[in-house]
Amino acid sequence: MTILVTGACGFIGSYLIPTLLEKGHEVAATDRGPEPEWIAKLDGVTYYQVDMGREAEIQRMMGLVRPQKVVHLASILVGPCEADPLTGFRINFMSTAALLDACHAHGGDRFIMSSAGAVFGKGLEEPVANDAIRVPDTVYGQTKVAGEQLLEWYRRVRGLECGAVRFPWVYGPGRSTGLTAEYSSKLLDQIAAGEKVVIDNPDEKGDWLFVKDAVKSIMLLLERDSQPAISYNIMGELHTIRDAMEVAKSLYPEAEIEIRESAQTSQPYASAFDDSQARKDIGWAPDYSLADGIRAHVETVRAKA
């Protein structure tokens, strides 16, 4: 079975592809840049350099690969979408449309997309329910809502089985981009390196999901034939940055962490989400506690140093 992974060179893709190989799958990996060395060293992976903003390139690649299943991770994040909404929709939404069309045309039977809690706007009762109204106030969130709705249409009208996972703050070794990386992975990288950590927004709150748990949720959807809902909130543990740094300090007493008291927060959407539907429908539950994830992150970074 061939599984196509878009955004393969990104953070989650770098964990998903080895997992797929361990399960015995052939992987077609695609991203906009040249093939990275770590993918070139893997057996069972064929790499395609494709710009997700160009439909012709997507269609040509899909005609060559003809994957049975697709995991669509490629997207641009909040900042670039706000700076250039047209590019945001072209890459985040139009690529989804082109991939869905080609997947259906070439006989694919499963399409999984990474979405985000950004599909929900502000002011909702928290934890935000899985089926809460989706009225985002960022362009990024709008592109993800449009993608989820398109998945719903393809399942209802075309009969293509689709699913989406909505991720919160995904952290772990190797994450370096995105606003929430500043609040999670990069702080843990500093602790691993023995550097002083200075926190200016200690009460910024988010749901901390370790990257291997994010991959677990994708695999739970990918290995099913169908599921009751299209999109699922996937959660880890809800904590402030202050909470997380206290856990880190308990694990690594030598860590130098300075908390600068401030009411500053910059999260543009809700912090707490209800993932009970995913737990009920697809058997979702995280394997990593916050302490487990912090320890795994720090020890992995130190081992690679």
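Student: How many salt bridges does a search of the whole structure find?

Tutor: The search of the whole structure finds 19 salt bridges. This is a predicted model, in which local features need pLDDT of at least 70, side-chain atom pairs count only at pLDDT 80 or more, and totals for chains, interfaces and linings use all residues. Residues are numbered from 1 along each chain as its sequence is written, and side-chain values use heavy atoms, with hydrogens and water left out.

Student: Why is the contact of Lys-69 with Asp-109 called a salt bridge?

Tutor: The term asks for a side-chain nitrogen of Lys or Arg within 4 Å of a carboxyl oxygen of Asp or Glu. The closest N and O atoms of Lys-69 and Asp-109 are 3.4 Å apart, so the pair meets the definition. The pair links distant parts of the chain, 40 residues apart: Lys-69 is in strand E4 (residues 69-72) and Asp-109 is in the loop between helix H5 (85-105) and strand E5 (110-116). Helices (H or I, at least four residues) and strands (E, at least two) are DSSP runs, numbered from the N terminus.

Student: What makes Lys-69 buried and Asp-109 partly exposed?

Tutor: Buried means under 20% relative accessible area, exposed means over 50%, and partly exposed is in between (1.4 Å probe, protein chains only). Lys-69 has 10%, so it is buried. Asp-109 has 33%, so it is partly exposed.

Student: Which other residues form salt bridges, Glu-161 and Arg-155 among them?

Tutor: Glu-161 and Arg-155 meet in one at 3.9 Å, N to O. Glu-161 is partly exposed at 23%, and Arg-155 is partly exposed at 22%. Asp-51 and Arg-54 form another, with the closest N and O atoms 3.5 Å apart. There is also a network of salt bridges that links Arg-134, Glu-148, Glu-152 and Arg-166.

Student: What makes strand E6 (residues 162-167) largely enclosed by the rest of the structure?

Tutor: Six of its six residues are buried, so E6 is largely enclosed by the rest of the structure. Both of its faces are covered: Cys-162, Ala-164 and Arg-166 are buried on one side, and Gly-163, Val-165 and Phe-167 on the other.

Student: How many residues of E5 are buried?

Tutor: Seven of the seven residues of E5 are buried, so this strand is also largely enclosed by the rest of the structure. Arg-110, Ile-112, Ser-114 and Ala-116 are on one covered face, and Phe-111, Met-113 and Ser-115 are on the other.

Student: Why are E5 and E6 said to pair?

Tutor: Two strands pair if DSSP finds at least two bridges between them. E5 and E6 have six bridges, in the parallel sense, so they pair. Ile-112 stands opposite Gly-163 in E6, and the bridge partner of Ala-116 in E6 is Phe-167. E4 and E5 have four bridges, also parallel, so they pair too. In E5, Arg-110 stands opposite Lys-69.

Student: Where is Ala-118 found, and why does Ala-118 count as buried or exposed?

Tutor: Ala-118 is found in the loop between E5 and H6. Its relative accessibility is 2%, so Ala-118 counts as buried.

Student: What volume does the largest pocket have, and what makes a set of points a pocket?

Tutor: Its volume is about 1,100 Å³. On a 1 Å grid over the protein atoms alone, a pocket is an open set with protein on both sides within 12 Å along at least five of seven lines, and lining residues have an atom within 4 Å of a point. Of the 47 lining residues, the closest to the centre are Leu-73, Ser-75, Leu-77, Arg-175 and Thr-177. The largest share of the lining, five residues, comes from H1.

How values were computed. 1 Å grid on protein atoms, 1.4 Å probe; cavity = no way out; pocket = protein on both sides within 12 Å on 5 of 7 lines; lining within 4 Å. Points joined across faces, edges and corners; volume = space filled by probe spheres on them.
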